[in-house]
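Trainee: I've got a model open and I'd like to learn how to read it feature by feature. Can you walk me through it?

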Amino acid sequence: MRTSTLIISIALLIATAASAADRPNILFIMSDDHTTQAIGAYGSRLAKLNPTPTIDRLAKEGMVFDNAYCTNSICTPSRACILTGQYAHVNGVHDLRGRIEAKRQYLAVEMGKAGYQTAMIGKWHLKEEPGAFDYYCVLPGQGKYFDPVFRVQGERRWPNNTIQFKGKHSSDAITDVALEWLKSGWDRQQPFFLMHHYKAPHDFFEYAGRYENYLADVQIPEPENLWSQSQFGSIATRGANDELLPHIGTSIGRRNPRRNYVKHYKVDANLNDEDAQRAAYNVYLKHYLRCVKGVDDNLARLFGYLKQIGQFDNTVIIYTGDQGFMLGEHDYMDKRWMYEESMRMPFIVRYPKRVPAGARSSAIVENVDYGPTMLAFAGADTPSVMQGRSFHEICETGKEPKGWKQEAYYRYWMHMAHHDNPGHVGIRTKEFKLIFYYGCNYQGKQRTPPGWELYDVRKDPTEVVNLYDDPDYAAVVAELKQRLKKLRAHVRDDGKDFPAAERVIQEFWDDDERDRAEARRISRAYLEFKSK
Ligand code: CA
């Protein structure tokens, strides 16, 4: 080798090493079903209980996104959206049956190509082996809260590669695994990309014993719409003349006789409806918040270690949930709905080298954008298979780049499964939310009444007044329907995989008098079916 070539080679080596050292680690933390109402930094009614001091510090030192949305508010689909950067109708994970095999785990694949050491720890829920990661230690399926079993990368083949953590709560075990990997698994020559996913606070909210007394003597603040919301909903969610109120959406109080928290928590049967509902709400929220506290305390442990090894400020730390959650708003439990508490995700990012402290953004971002954003922080481009777009510029400047999206797309497919939510599709802008409950399954069957809802989220952030039929909003409705139609084409939800369901969507789209009469007929038929 000639001297000049040697010098160039050495210079290149040094440059490569320097750029690797310059690149931040990326720590993506996602808790299952952790909703914004239960994070202090989001300032809801529960903030005064101080449920998340560690996450709030992260928010104070980083940026909080107020309009981060899930495009299909349920566990497996949301995880698939994040990993593939694609909407559910493109990646094929419409519901809990979905799976993503290694070659489509694009986010991990691209991080690997970018020179990152990749690891996936905790709740995975995508069935196939997390084979695109350098290391994994994941819960099988939903996993267990106590004495959790994990599938660990190693000599034994998936899915028989299990180990059990006896005597441990899952949040503690997941944190222990991550700390162990950082200590002895991570090769410090490379930056790391770690997906750190808690099972908590997913139902049924089994918290570690040390939280038994947390909030024990506290009356949990209630959302106003736990009680009164006479202008909320539509024929799709209430039935004609409210006849389906007992059958649409599982409840806190006794409204839904099939599934409610009065029944689940075995609240004193002698209590009247209101007192029983209040009692069930308190038990529900205390269980949930005790799980949240366990996550927050464990994050303090994880961050403490990163500080100890001098990597805390050299790591892009993202905190999110896989979707939001209804904590009694509209008397609902669970997620799945397009209503704000369910569709909205927490999204907090801290990276003091590039992200200003104490900043907030109202930019609309979707979970399909998370992967591209993390790749941008890693210095990598978004692969063409991903539909999402990086918002790292928003994280760094607080400003939306030219042409940034002004709307979020939503579609929930699991019609009337588990929590009695009808299939729906909709659009969320900064001003409004338009929801179309088309009310059928993939085959166009099991019909519930189709109906539309419009909320003016500027004036009515808790979405209690459906304005769809208000003549003052007729022009808004017409415009939003056009935008929703265009958005469906843009995200490529063309309905061709499920033509029978698509026919129902098209049939009831214009919502004329004939459609409305048909909706009333379907409402009555559904009531008769439920009364059998
Ligand atoms: Ca979830």
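This is a predicted model: local features need pLDDT of at least 70, side-chain atom pairs count only at pLDDT 80 or more; totals for chains, interfaces and linings use all residues.

Trainee: Is K266 buried or exposed?

Mentor: Exposed, because its relative accessibility is 73% and the label needs over 50%.

Trainee: While we're on the backbone, where are the cis peptide bonds?

Mentor: One joins A200 and P201, with omega about -5°. Another joins D203 and F204, with omega about 10°. P201 is in the loop between strand 7 (192-198) and helix 7 (235-238), and F204 is found in the loop between strand 7 and helix 7 as well.

Trainee: Next, the metal. Which atoms are the protein donors of the calcium ion?

Mentor: The ideal angles for six octahedral donors are 90 or 180 degrees, so that is the pattern to hold in mind. Here the calcium ion is held by OD atoms of D32 and D33, SG of C75, two OD atoms of D322, and OE1 of Q323. These donors lie 2.1 to 2.6 Å from the ion.

Trainee: And why is the arrangement called irregular?

Mentor: Because the 6 donor atoms subtend angles of 52 to 160° around the calcium ion.

Trainee: How are the donor residues of the calcium ion spaced in sequence?

Mentor: The spacing reads D-D-x41-C-x246-D-Q. Take D33 and C75, a pair that links distant parts of the chain, 42 residues apart. D33 is in the loop between strand 1 (25-31) and helix 2 (53-60), while C75 belongs to helix 3 (residues 75-84). D33 is buried, with a relative accessible area of 0%, and C75 is buried too, at 2%.

Trainee: How many disulfides does the structure hold?

Mentor: A disulfide is a covalent bond between the sulfur atoms of two cysteines, so you look at sulfur-to-sulfur distances. The structure holds 0 disulfides. Consider C81: the cysteine sulfur closest to its own is in C70, 6.7 Å away, which is too far for a bond. C81 is buried, with a relative accessible area of 0%. C440 also counts as buried, at 1% relative accessibility.

Trainee: Now the sheet. In what order do the 10 strands run?

Mentor: Strands of a sheet pair through backbone hydrogen bonds, either parallel or antiparallel. In this open sheet the order is 6-5-4-3-7-1-8-9-2-10, and the pairing is mixed. Strand 6 (162-164) and strand 10 (359-366) stand at the edges, each with a single partner strand, so one side of each has no neighbour in the sheet. From one strand to the next, the twist averages 20°.

Trainee: What about strand 12: which strands does it pair with?

Mentor: Strand 11 (residues 407-412) pairs with strand 12 in the antiparallel sense over 6 bridges, and Y410 stands opposite G426. Strand 13 (residues 432-437) also runs antiparallel to strand 12, joined by 5 bridges, with R428 opposite K433. A hairpin of 2 residues connects strand 12 to strand 13.

Trainee: Why is strand 12 described as largely enclosed?

Mentor: Because 6 of the 6 residues of strand 12 (residues 424-429) are buried. Both faces are covered: H424, G426 and R428 are buried on one side, and V425, I427 and T429 on the other.

Key: Residues are numbered from 1 along each chain as its sequence is written. Side-chain values use heavy atoms; hydrogens and water are left out. Donors are N, O and S atoms within 2.8 Å of the metal (3.2 Å for Na, K and Ca); water is not among the atoms, so sites may look incomplete. Four donors count as tetrahedral if all angles lie between 85 and 135 degrees; four count as square planar and six as octahedral if opposite donors are over 155 degrees apart and all others between 65 and 115; anything else is irregular. Helices (H or I, at least four residues) and strands (E, at least two) are DSSP runs, numbered from the N terminus. Buried means under 20% relative accessible area, exposed over 50%, partly exposed in between (1.4 Å probe, protein chains only). Two strands pair if DSSP finds at least two bridges between them. A disulfide is a pair of cysteine sulfur atoms within 2.5 Å. Axes are lines fitted to C-alpha atoms, for helices over the stretch in contact, and angles run from 0 to 180 degrees between N-to-C directions.
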